[in-house]
Amino acid sequence: MQDVLIAGGGPAGLSAAIFAAQAGLQATIIEPRPGRIDKACGEGLMPGAVASLAEMGVRPARSHPFQGIRYIDGEQEALGDFPQGPGQGVRRTVLHDALRGRAEDLGVQWHRGRVGEIVQDDDHVRAGALEGRWLLAADGLHSSIRKRMGLERPARRAPRMGLRRHFAMRPWSPYVEVYWSDDAEAYVTPVAEDLIGVAILFPGDPLPPGKGTQKRFEALLERFPRLKERLTGTPATAVRGSGPFERRVARRVAGRVLLIGDAAGYLDPITGEGVRLGMASARAAVDCIRLDQPMRYEHAWQKLTRRYWWMTSGLLWLRDRPGLRRLMVPFLQRFPIAFSQIVGALAEER
C-alpha cells in the first residue's frame with residue numbers, strides 16, 4: 001500500500017509526488033493520459049514557482065527569464081519589476097517533462113488509468129484497484145473527484161475563458177506583457193529564445209476545439225492592434241482553450257482525500273499565479289500528511305491563497321468597470337514603486 005495516491009499528472013500532481021518522495025513517502029500518480037500533458041495557460045512562472053522548482057530539483061530544458069510585468073493599454077504603459085529576482089517562461093510541455101523526469105528519478109510510480117470508485121476507511125483510502133493512506137486530488141479545474149464528493153459550489157461570476165497559441169519568433173521584451181482592451185486581456189510570455197506564447201482571456205461560453213477556436217483567437221487578436229503588429233512570427237502551435245475558470249469549493253479535506261491545485265478552488269488566471277499556487281498547495285498538503293494532521297491543510301490553503309483571491313477579485317472588479325479600468329495603467333505609470341510592490345506581492349512564494 002502506498003503512502004500517497006495522487007489523482008492527476010499535471011504540475012500540481014507531479015509537484016505533490018516530488019515533495020512526497022523528498023519527505024520519504026511512497027507516491028503513485030494515477031493519470032489516464034499518456035505522454036506529455038499540455039494545457040492552455042500563460043506559461044509564465046512567478047519567482048515563487050521558480051523557487052519551488054529549485055527546491056524540488058527540477059530544471060526545465062528550455063526556458064526564458066522575465067524580470068517583471070508590463071501593462072499596456074493603448075499607448076499607456078506601466079512597468080513592475082520583481083524584487084525577488086526573475087520569473088521564468090516555460091512551455092507547458094517542457095515543464096511537464098522536467099517534473100515527470102524528476103519524479104521518476106525519485107521513484108514515484110505511474111499508474112495509467114482513472115481513479116474509479118473512492119472508498120475510505122479509518123486508516124486508508126481505495127481508489128479503484130489502488131490503495132493508499134491518503135489520496136490527493138490534483139485532477140484540475142474540472143475535477144471529477146471534487147464533484148463526486150459533493151464539494152463543488154456554484155460560481156458567482158459570469159464565465160471567463162482563455163485561448164493560447166505560440167509564435168516562432170524571438171521575444172522582444174524582458175517582461176511578460178499584458179495588453180488590455182475593454183473586455184479582454186492578452187498575455188505575451190517569452191518561453192524560449194525563439195518562441196513566445198500569447199494567451200487571451202475573455203468573457204464567454206466554452207467553444208468547441210478546432211477551426212471555431214482558431215477563428216475566435218484571430219478575432220480577439222484584432223482588439224489588440226499594437227500586439228498584432230508585433231506578431232511577425234509564424235504560428236507554431238494550434239490554438240488551445242481553457243475555462244470557465246471560477247471554481248468554488250466547500251472545503252478541501254474530506255476524510256483522507258485532500259484537494260490541491262485547481263481542483264481545490266480557483267478564480268481566474270488574471271494574476272498569472274496558477275502554477276505557483278498549485279505547487280504551494282501540493283507542498284502544504286504533503287506537509288500536513290507527513291505530520292499526520294490533514295485537517296491543518298484547510299487552514300494552510302486559506303492562508304497561502306488569501307492574497308491571490310483578494311488581488312484577483314480586485315482586478316476582476318476593475319475589469320467589470322471599464323471607466324475605472326482605463327485609469328489603472330496611467331496610475332501605475334505615475335507611481336511605478338506601487339506597481340513594483342503589487343508585482344512583488346504576487347510573486348511571493350507564500
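How many residues lie between strand 5 and strand 6 in their hairpin? The hairpin has 2 residues between the strands, and glycine 74 in the turn has a positive phi of about 65 degrees. This is a predicted model, in which local features need pLDDT of at least 70, side-chain atom pairs count only at pLDDT 80 or more, and totals for chains, interfaces and linings use all residues. Residues are numbered from 1 along each chain as its sequence is written, and side-chain values use heavy atoms, with hydrogens and water left out.

**The hairpin**

- Strands here are DSSP runs of E with at least two residues, and helices are runs of H or I with at least four, numbered from the N terminus.
- Strand 5 (residues 68-73) and strand 6 (residues 76-81) run antiparallel and are joined by 6 bridges; two strands pair if DSSP finds at least two bridges between them.
- Isoleucine 69 has glycine 80 of strand 6 as its bridge partner.

**An aromatic cluster**

- Ring pairs link Tyr71, Trp180 and Phe339 into a cluster; rings of Phe, Tyr and Trp (its six-membered ring) pair if their centres lie within 6.5 Å, and planes under 30 degrees apart are stacked, over 60 edge-to-face and the rest tilted.
- Because tyrosine 71 lies in strand 5 and tryptophan 180 in strand 14 (residues 176-180), their pair ties together parts 109 residues apart in sequence.
- Tyrosine 71 is buried, with a relative accessible area of 8% (buried means under 20%, exposed over 50%, partly exposed in between, using a 1.4 Å probe and protein chains only).
- Tyrosine 71 and phenylalanine 339 form a tilted pair, 5.0 Å centre to centre with 45 degrees between the planes.
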